[in-house]
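Dear colleague,

Please read them alongside the coordinates.

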Amino acid sequence: MSLKVGDIISFERTFTVSDVKLFTEISGDEGIHHRTLDEQGRLVIQGLLTATLPTKVGGDNNVLARNMNFEFLRPVFTGDTIICEVKIEKYEWQENKNRTAIYTSFLCKNQNEIEVLKGDFSGVIL
């Protein structure tokens, strides 16, 4: 993929109870809110599971991350569909290092257009 400044790459995912259970097992993040259904039959998604959306976009574009900043704005629940938009802020060839650097910002919203996560990441393209 040929990226350029201003490009916006979107990724969407609906989280399931199975996703939370698998992430709980892998991460060890076993907070009661990740294991006990609320009154609407939902689990709270781990913040770092939500953060896999912008990192997936980076991975799809062979970004080796160097910095990542996350601001968790609202909880995400099982059944929520999260749309993440990653914007290329800076994309440049670094002649002296023989590599391409990338700087991004991202915003994730749920199916109700409520912002749930924002931040940025930067790294190099492999």
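**Aromatic pairs and the core**

The structure holds three aromatic pairs, where rings of Phe, Tyr and Trp (its six-membered ring) pair if their centres lie within 6.5 Å, with planes under 30 degrees apart counted as stacked, over 60 as edge-to-face and the rest as tilted. In one of them, the ring centres of Phe 106 and Phe 121 are 6.4 Å apart and the planes stand at 35°, so this pair is tilted. Because Phe 106 belongs to strand E4 and Phe 121 to strand E5, the pair ties together parts that are 15 residues apart in sequence (strands, E, at least two residues, and helices, H or I, at least four, are DSSP runs numbered from the N terminus).

This is a predicted model, in which local features need pLDDT of at least 70 and side-chain atom pairs count only at pLDDT 80 or more, while totals for chains, interfaces and linings use all residues. Residues are numbered from 1 along each chain as its sequence is written, and side-chain values use heavy atoms, with hydrogens and water left out.

Phe 106 is buried at a relative accessible area of 5%, and Phe 121 is buried at 5% relative accessibility (buried is under 20%, exposed over 50%, partly exposed in between, with a 1.4 Å probe and protein chains only).

With regards
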